[in-house]
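Colleague: Could you take a close look at one part of this model for me, the place where aromatic rings gather? I am new to this, so please go step by step.

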Amino acid sequence: MKRALVIDDEPLARMVVLEYLQQFTDQIEVLQECNDGFEGLKAIQQHQPDLIFLDVQMPKINGFEMLELVEQSPSVIFTTAFDEYAIKAFEAHAVDYLLKPFSKDRFNKAIEKYLAQSPTPAQQTKKTEELLDAVASSPAQHERIVVKTGTKVKIIPVQDVQYLQADDDYVSVFTQEGSYLKNKTMNFFEQMLDPRYFVRVHRSYIIAIQQITRIDPYEKDSHLAILKSGAKIPVSKSGYVKLKGVLGI
């Protein structure tokens, strides 16, 4: 018996999924309905389901942001009306996706595909990571960074980010309020953040252009970017070339 959650902010959409699942009651048990990403994240941590039916466009945090915060991802069948860009990512990395409104026949095919695949937890987590990397450059993912601080979830608007620093397997996101760890790579953020406003000036640093007060020469061909906060960020030779290009100097 596979254990499942239904995560969608639309009551009617959840009702449709539950109705279509009636013929699979001997194979799939629905543990809980969740009406937003926060409730979904809590339910995943509590129940450790095998499968989730997940909407993307939800209030508070969207489906992709919720998945970023899950340590070991369950299998995911998306139930969404999301944009064409994300559909390409779904086709490559998700178990399946159902475009609203979807028919019972299409739903059944998604369930049969899931039951036939039965990926291991490690395989599914890898597929989810690949999916999130694939949608990172979607415009919808450029506006904020969602992080976990203990048991709480914090949403950081990208305009509040001063700089990012590589920190082992994580990235530290620095804001006026403090720093927050995100389990992503610098390459992920370099792809995600708008290059008009953020520049990777060093293999370990990405800075917000608006935070720079001056650029000072340093050792050999390197420089230091002095930020409004007083932080001194190393700028490599290649980073300096990119920085000059963005600043038009």
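Modeller: Happy to! Let's start with Phe107, which is buried because its relative accessible area is 0%, and buried means under 20%. Please keep in mind that this is a predicted model.

Now look at the partner of Phe107. The rings of Phe102 and Phe107 form a stacked aromatic pair, with 6.2 Å from centre to centre and 15° between the planes. Phe102 counts as buried too, at 13% relative accessibility.

Next, follow Phe102 to another ring. A search of the whole structure finds 8 aromatic pairs, and one of them joins Tyr20 and Phe102. Tyr20 sits in helix α1 (residues 11-20), while Phe102 belongs to the loop between β5 (96-99) and α5 (104-117). The two residues are 82 residues apart, so the pair links distant parts of the chain. Tyr20 is buried as well, with a relative accessible area of 14%.

One more ring to visit is Phe188, where the neighbour is a charge: Lys184 lies over the face of Phe188, at 4.5 Å from the ring centre.

How values were computed: Residues are numbered from 1 along each chain as its sequence is written. This is a predicted model: local features need pLDDT of at least 70, side-chain atom pairs count only at pLDDT 80 or more; totals for chains, interfaces and linings use all residues. Side-chain values use heavy atoms; hydrogens and water are left out. Rings of Phe, Tyr and Trp (its six-membered ring) pair if their centres lie within 6.5 Å; planes under 30 degrees apart count as stacked, over 60 as edge-to-face and the rest as tilted. Helices (H or I, at least four residues) and strands (E, at least two) are DSSP runs, numbered from the N terminus. Buried means under 20% relative accessible area, exposed over 50%, partly exposed in between (1.4 Å probe, protein chains only). A charge sits over a ring if NZ of Lys or CZ of Arg is within 6 Å of the ring centre and within 35 degrees of the ring normal.
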